[in-house]
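Subject: Structure handover

Hello,

Here is the structure I promised you. Please open it first, then read my notes below.

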Amino acid sequence: MTCNLEKIIRNIEEQWLKPLFDSCSQQFINVHLPSHDQWHHLRVWKYAKMLLRYAVKHNIIISETDIERLIIAVFFHDQGMSQTLAKDHGRISRSLCNEYFEKSAQEPPAFIEKVLQAIEDHDKKDYLTQHESLRAFDLHQFLNLADDLDALGTMGAYRYLEIYLLRKINILDLPEAILTNMVIRYKHFISLFNNDKLFLKPQNQRFLAAHNYFKDLGFQLKQVGYKPDLYIGPIGVFNYIKNEIVEKKQAPLIVCDLVLEQNQDFYSIHFFERLQKELKSKSDY
């Protein structure tokens, strides 16, 4: 069954991956939002494929149409952020997906309305009241889970920092706000996969990488307060992202090189080495 799944995924990617990625790239061509641009969508697709493999391994029935709907939902879910950072950007993402099929020669899969609804609702994550297990394919659920997995690791920490900065969250409130959001998402993920420790282990390591950064940031802020010209420790990481990426609109990989060439602080070097590695791995998908 796994071999069959891989063949189906390859066939679907041959049909959809390039046009969807190109469409997403075009949407962000004049928008500096590295945390949620086309590469974010490609990473989410990587995690979506990982979830599909898990599902098939555990005898969850996945159809070719399910996978087709999922890749489309993945590549449109955050395109609305090219126009607004509001939490209801899914409405715009839905509209952009609609427009794509109105102009494209590609035929949408059956029941495209399910895809559009999943795109619009992807940020409606009432995880405090959801405790279901992963027993069947659900488009909305798979999209949310794949999106949540991209919020882990050093890349996840960067994603949180960029978007919370752009949403004007005060740095003194930022660690607690992010940790609350991150923990809710990850507890939900664990509740669905707690019967497979091998599957959870690498994701737990990625969770800890992001989680520990924000714990460290909160601790340093309590010790010294916020210093906008400090480039040491977690505040230094914050200032690089704020000043170089968000305000000067430099590419994250350029900033990684800048830090690794100029800074002697072990914490900053370690963070940006890991970020550089995760960014460069995007071509492996």
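Accessible areas here come from the Shrake-Rupley method with a 1.4 Å probe; for residues, only the protein chains shown count as cover. By that method the protein chain exposes about 13,800 Å². Carbon and sulfur atoms supply 53% of this area.

Two notes on the source. This is a predicted model, so local features need pLDDT of at least 70 and side-chain atom pairs count only at pLDDT 80 or more, while totals for chains, interfaces and linings use all residues. Residues are numbered from 1 along each chain as its sequence is written, and side-chain values use heavy atoms, with hydrogens and water left out.

Overall build

The protein chain has twelve helices and zero strands. Helices (H or I, at least four residues) and strands (E, at least two) are DSSP runs, numbered from the N terminus. The C-alpha trace spans about 55 × 45 × 35 Å along its principal axes. What is the radius of gyration of the protein chain? It is 19 Å, which agrees with the value near 19 Å for a compact globule of 285 residues. The radius is taken over C-alpha atoms, and the globule rule is 2.2 Å times the number of residues to the power 0.38.

Contact means heavy atoms within 4.5 Å. Take the contacts in the protein chain with a separation of 6 or more: residues 24 or more positions apart account for 69% of them.

Charges come next. Lys and Arg count as positive, Asp and Glu as negative; His and the chain ends are not counted. The place of a charge is NZ of Lys, CZ of Arg, CG of Asp or CD of Glu. There are 35 positive and 37 negative side chains. The centres of the two sets lie 4 Å apart.

The inside

Buried means under 20% relative accessible area, exposed over 50%, and partly exposed in between (1.4 Å probe, protein chains only). Of the 285 residues, 52% count as buried. In soluble globular proteins, nonpolar side chains tend to be buried together. A nonpolar core is a set of buried Ala, Val, Leu, Ile, Met, Phe, Trp, Tyr and Cys residues joined through side-chain atoms within 4.5 Å.

The largest such core has 89 residues. Phe193, Phe214, Ile241 and Phe272 have the most contacts inside it. Helix H2 (residues 38-57) gives the largest share of this core, ten residues.

Look at Phe193. Beyond its neighbours within four places in sequence, its contacts include Leu51, Tyr54 and Leu134. Now find Leu149, in helix H6 (residues 139-149). Is Leu149 buried or exposed? It counts as buried, because its relative accessibility is 1%. With neighbours within four places set aside, Leu149 is in contact with Tyr47, Met50, Leu51, Phe189, Gln203 and Arg206.

The loops

Most residues other than glycine have a negative phi. Phe111 has a positive phi of about 55° although it is not a glycine. Phe111 lies in the loop between helix H4 (90-103) and helix H5 (112-121). At 59% relative accessibility, Phe111 is exposed.

Lys168 also has a positive phi, about 65°, and is not a glycine. It sits in the loop between helix H7 (153-166) and helix H8 (174-193). Lys168 is exposed, at 73% relative accessible area.

Last, Gly225. It is in the loop between helix H9 (197-224) and helix H10 (233-247). Gly225 is partly exposed, at 22%. Leaving out residues up to four places away, Gly225 touches Gln220 and Ile235.

Best wishes
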